[in-house]
Amino acid sequence: MKFYDCKTAPSPRRVRIFLAEKGVEIDSVQVDLAKGEQFSDAFMKISPLAEVPLLVLDDGTVLSQVNAICRYLEEVFPENPLCGRTPVERAQVDAFNGLLQMNGFMAGAEAFRNATPGFKNRAMPGPHNYSQIPELAERGLLRLDNLFADLDAHFADNQFFMGDYYSMADISGLTIVDFAKWVKKFIPENCVHLQRWYDQVNDRPSAKA
Ligand SMILES: N[C@@H](CCC(=O)N[C@@H](CS)C(=O)NCC(=O)O)C(=O)O
């Protein structure tokens, strides 16, 4: 297996934390997004999506998308389950991940990519170019405010996303809070429950991945 990673990017970090929690090491290749290596012929031949992360299996099968890659890794490394321990938990972790993808990663990407000069014409990742829309940057910031408030309410009654069970949803959430710092969104002082959760997940050794 080979993991196509970029040390500075939030999406592949989710896979790195997942692997660290599992205690699994995989050969990895760094793709320097700042240098545009995702558009190189060599990389586009592996995946025309021009995005990381990617996982290439020994038989050449290419897996893309964080949630799909982690779902596969969970199947082949089932010890210490992170995607749910029962059918109900698996559905609940998927639901949190879907919501976090939409309301966290998309919101952060909206805010960052539509306002950062270096991303002019690159408002969306992937092989197609899109112009920046400043209103979307504004909306992304508002969506992050709302997400933080919603998560604070959730963590008032829950140690982790899934009660007392640390899961893939916590990995997604941690990565979003750190990604939000790129657009100068920090956990508000009044979100004490969200801050308590963040400190707890950020203290785990895997958070350094
Ligand atoms: N939906 C994808 C998102 C992947 C993604 O957005 N990757 C970013 C890095 S965080 C990327 O490769 N960007 C390339 C670019 O900006 O050109 C997933 O879940 O894996």
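Ala50 is tucked away from the surface: its relative accessibility is 4%, so this residue counts as buried (buried means under 20% relative accessible area, exposed over 50%, and partly exposed in between, with a 1.4 Å probe and protein chains only). The place of Ala50 is in the loop between helix 2 and strand 3, where helices (H or I, at least four residues) and strands (E, at least two) are DSSP runs numbered from the N terminus. Although Ala50 is not a glycine, its phi is positive, at about 55°. The model described here is a predicted one, in which local features need pLDDT of at least 70 and side-chain atom pairs count only at pLDDT 80 or more, while totals for chains, interfaces and linings use all residues. Residues are numbered from 1 along each chain as its sequence is written, and side-chain values use heavy atoms, with hydrogens and water left out.

The loop that holds Ala50 is also the place of Pro53, between helix 2 (41-46) and strand 3 (54-56). Pro53 is joined to Val52 by a cis peptide bond, with omega at about 5°. Another positive phi turns up at Lys184, which is not a glycine either, with a value near 60°. Lys184 belongs to the loop between helix 6 (168-180) and helix 7 (192-202). What is the exposure of Lys184, buried or exposed? With a relative accessible area of 67%, Lys184 is exposed, whereas Ala50 is buried.

Now to the ligand. It has 16 residues around it, and the closest are Gln38, Val52, Gln65, Arg113 and Arg122; a residue is near a molecule or strand if one of its heavy atoms lies within 4 Å of it. Val52, one of those closest residues, is also a partner in the cis peptide bond with Pro53. Helix 1 (10-22) and helix 4 (87-113) each supply at least two residues of the shell around the ligand.

Some of the contacts can be given atom by atom. Gln65 places a polar side-chain atom 2.8 Å from a nitrogen atom of the ligand, and a polar side-chain atom of Arg113 lies 2.8 Å from an oxygen atom of the ligand. For Arg122, an N or O atom in the side chain is 2.8 Å from a ligand oxygen atom. On its own the ligand has 510 Å² of accessible area, and the protein covers 86% of that; such areas come from the Shrake-Rupley method with a 1.4 Å probe, and for residues only the protein chains shown count as cover.

Where does the ligand sit? The ligand sits in the largest pocket. A pocket here is an open set of points on a 1 Å grid over the protein atoms alone, with protein on both sides within 12 Å along at least five of seven lines; a cavity is a set of points where a 1.4 Å probe fits but cannot get out, and lining residues have an atom within 4 Å of a point. A molecule sits in a cavity or pocket if more than half of its atoms lie within 2 Å of its grid points.

As for cysteines, a search of the whole structure finds zero disulfides, a disulfide being a pair of cysteine sulfur atoms within 2.5 Å. Cys70 is in none, and the nearest cysteine sulfur, that of Cys83, is 6.5 Å away. Cys70 is buried, at 1% relative accessibility, and Cys191 is buried too, with a relative accessible area of 5%.

Ala107 lies in helix 4 and is buried, at 0% relative accessibility. Glu74, in helix 3 (residues 66-76), counts as buried at 10% relative accessibility. The C-alpha atoms of Glu74 and Ser131, 57 residues apart along the chain, are separated by 37 Å.

Ser28 is found in strand 2 (residues 27-30) and is partly exposed, with a relative accessible area of 45%. From Ser28 to Phe43, 15 residues apart along the chain, the C-alpha separation is 14 Å. Ser206 has its place in the segment after helix 7 and is buried, at a relative accessible area of 5%. C-alpha to C-alpha, Ser206 and Arg113 are 27 Å apart in space and 93 residues apart in sequence.

Note on methods
Polar contact = N/O pair within 3.5 Å; in protein donor to acceptor, adjacent residues only side chain to side chain.
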